[in-house]
Structures are given as structure tokens and as C-alpha cells.
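Here is a short briefing to read with the model open beside you. Take a look at the fold first, and then we will walk through a few of its features together.

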Amino acid sequence: MTSTAYVPALAGREFELGTTYLDTASYGIPPARAFAAVREVLDGWASGHRAPSRFDDHVDRLRAVYARLLGGATTDDVAIGGSAAALIGPAAAALEPGAEVLVAAGDFASVPNPFRYRGDLRVRTVALEHLAEEVRPETALVACSLVQSADGRTVDPVALRAATRAHDALLLFDISQAGGWLPLRFADADIWVCASFKWLLGARSVGLLAMGPEAAARLRPNAPGWYAAADRWTEMYAPQRLADTARRFDATPDWLGVVGALAGAELLEELTIPVVEAHDLALADRFRAGLGALGLTPVPGRSPIVTIPGAAPAAETLAAAGIVTTARGGGLRVSFHLHNDSDDVDRILKALGDSGL
């Protein structure tokens, strides 16, 4: 089994950064192998020898890796798309008018918006920590980010799954801030949505949707295109039969993005998610301990995302020192992934100490 000691050695081969980059929660850094794979596609495209669509086989390869990362899913359970909101769309479209949807206060807007702006659903917002206890008989669906974008707080998937099952409600997790570092179990939710350009080290244009057959039977595609057909390459111009699997929720992929996303996902699978989790959390723990020594108190929790409330102005000061973070909701958000090491932690702690924050 891969050990955490392998991560720094691999990082030296796969990442060459000119900054201290601590902002994977906004945008991940693709590994060198992803850039090499994308360059190969671009060269073939530019020379007219091979258009990106000739790499369509990479789509099913990406489905397979994502299914394995979810722990228990199959390739038939996975659909490909673009943005998280668009991938959540089928779940919003399937609900009856007046159905209740439970969402978390302060969640990233792409999660509640497809339900809130459908116009005829009852969207109820509660504190993240009270989601499970707030599920009730009239709740049709619970939708939330498994790891919160703003501050890294996490949901207990087992408790929330038990609550939704008790009331026959669907459970949808956006794992854009979890997929790629957090071990997951497909059975812990009905619907899984993930943008690939953060912890999965993928592309901005590639997102993934996964659901089991039972959930897929309750949902319907709200705008199926040619790529959702049972046999997409032979039914482009005839009346189409949609795929019997989750592929009927497919959107036409950006094949260039898929090639890059596959390379990033395969790297994570090579390392194994438990090893990535241990690496990322060790850095976040070191950072949290250092913040305590500086008299700074981050939002409680344990994930690779660490947010210091009220410290948003420090993002500009750190950027001037070559340390990339981001400001979210008035706080300074710092996030750690494969390309980071303990030197990065010590560098930002020193910079924060020198800033007098």
C-alpha cells in the first residue's frame, strides 16, 4: 500500500509551482501528467490529425475511476456533465410541485439554487449541524455540500442518511470539496454531484453525477441531448432512445477537459484516497496548531480547508508575499492538497505572525 511518505516525492515530479499555493478549495493544480495528456490532444487537434472527440473512450474511463473513488458505485451509475448546478438540475426537475427541499444555511449557492429558483418548491433552510434532526415526513429531498466551501465544516453522512431513509427522502451530496481527499461510500447518499477542478485535480468544464438505479428511476433528464442516447453515435439524427443507465443524464462532454480530468483522477487512485486524506489533514492540523500559538481561532472542524473568521483582508497581504489563499464570507480560507508540504504551512504561519493579524 502507498504510504504518506510517497506523497512529497511524487509532488516533486508532478507539480512545479512558483508560489505557495494554498487555494485548492477554489481551483486545484493539475499534475504534470494531466498537462502532458492535454498537450497531446491539442497537438493532434492543431495538426488536424485527431479532433478531441476522438478521445471519447476517456469518458468511460473517467466514469470508472469516479465510481471506484465513490466506493461501491459502478460505471453505469455515473453521468458526465459540466457545472454542479446543471448536474443537480435533474433532481430539481423530478420533484412534485410544492415538495419540500431541505438545504443548509450558508451552503455554496449552486446547491440550493436549482431548487430555490424552480419557483414551485418549498425550500427550507436550516443550520448545517441540524440537518439530520430537521428531516420530517414531508421532506422530499435533502441537498447539501458534504464539506462546506466557505469554512470546511463537514456533515455526518451516516446520520443524515439514516434520517432521510426514515422519511423516504432523497439525499443529494455535492462533493466538490470532498471528492479527491475524503473516503466516500456510495450507499451514504442517493445522488452525488462533483466538480472535478478542485480536489480531483481535473478541469473546470468537467463535472460528474452519480446515482443508483433506484434514484435514477425517480429522476428524469430535464434537457437530454444527443450524448444521452442509448447508442449516441448511431442515433444522432433519428428519434433517440435514451440510455437505460445513468448515462441518460449525460451532457456532451468537453473531451479536452475529460482527458485532463482522467489524468488527475488516476493519480489520486494511484495514491489511494486514505493516503491523500492523511497527507492533507496532517498539514491542516499543523496549521490549526500554529494558529493557536498565534492566538488565532479558526472555524472548528477537521478538513483540509481551514478558515479564520474576520481575517479576509490578510489574503491580499499574503498574495503580495507569494502565498495564494482566498477570502470567503469575511474569513481567510486556506486549503491544503498534494502539492503542499510542511514548509508551506510554516511559511504562511510566519507570514500571518509578521502581519500582526
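In what order do the three strands of the open sheet lie, and is the pairing parallel or antiparallel? The order is 9-12-11, and the pairing is antiparallel. Please keep in mind that this is a predicted model, in which local features need pLDDT of at least 70 and side-chain atom pairs count only at pLDDT 80 or more, while totals for chains, interfaces and linings use all residues. Residues are numbered from 1 along each chain as its sequence is written, and side-chain values use heavy atoms, with hydrogens and water left out.

**The open sheet**

- Strand 9 (305-308) and strand 11 (326-328) stand at the edges with a single partner strand each, so one side of each has no neighbour in the sheet.
- From one strand to the next, the twist averages 35 degrees.
- Strand 11 pairs with strand 12 (residues 331-335) in the antiparallel sense over three bridges; two strands pair if DSSP finds at least two bridges between them.
- A327 has L332 of strand 12 opposite.
- Helix 10 (residues 273-293) lies across strand 9 and strand 12, at about 20 degrees to strand 9.
- Helices (H or I, at least four residues) and strands (E, at least two) are DSSP runs, numbered from the N terminus.

**Helix 2 against helix 9**

- Helix 2 (residues 32-46) packs with helix 9 (residues 255-271) at an angle of about 155 degrees, their axes 8 Å apart; axes are lines fitted to C-alpha atoms, for helices over the stretch in contact, and angles run from 0 to 180 degrees between N-to-C directions.
- That makes helix 2 roughly antiparallel to helix 9 (over 145 degrees).
- Residues including V38, V41 and W45 in helix 2 meet residues including L256, V259 and L267 in helix 9; contact means heavy atoms within 4.5 Å.

**A263 in helix 9**

- A263 sits in helix 9 and counts as buried, at 8% relative accessibility (buried means under 20% relative accessible area, with a 1.4 Å probe and protein chains only).
- Leaving aside residues up to four places away in sequence, A263 touches R33 and A34.
- A263 and R61 are 202 residues apart along the chain, yet 10 Å separates their C-alpha atoms.

**Helix 4**

- Helix 4 (residues 84-94) is largely enclosed by the rest of the structure, because eight of its eleven residues are buried.
- Among the buried residues of helix 4 are L87, I88 and P90.
- The cover over these buried residues of helix 4 includes strand 2 (78-81), helix 5 (113-116) and strand 5 (139-145).

Technical notes:
Parallel < 35°, antiparallel > 145°, perpendicular 65-115°, else oblique. Buried < 20%, exposed > 50% of the residue type's maximum accessible area, 1.4 Å probe, protein only.
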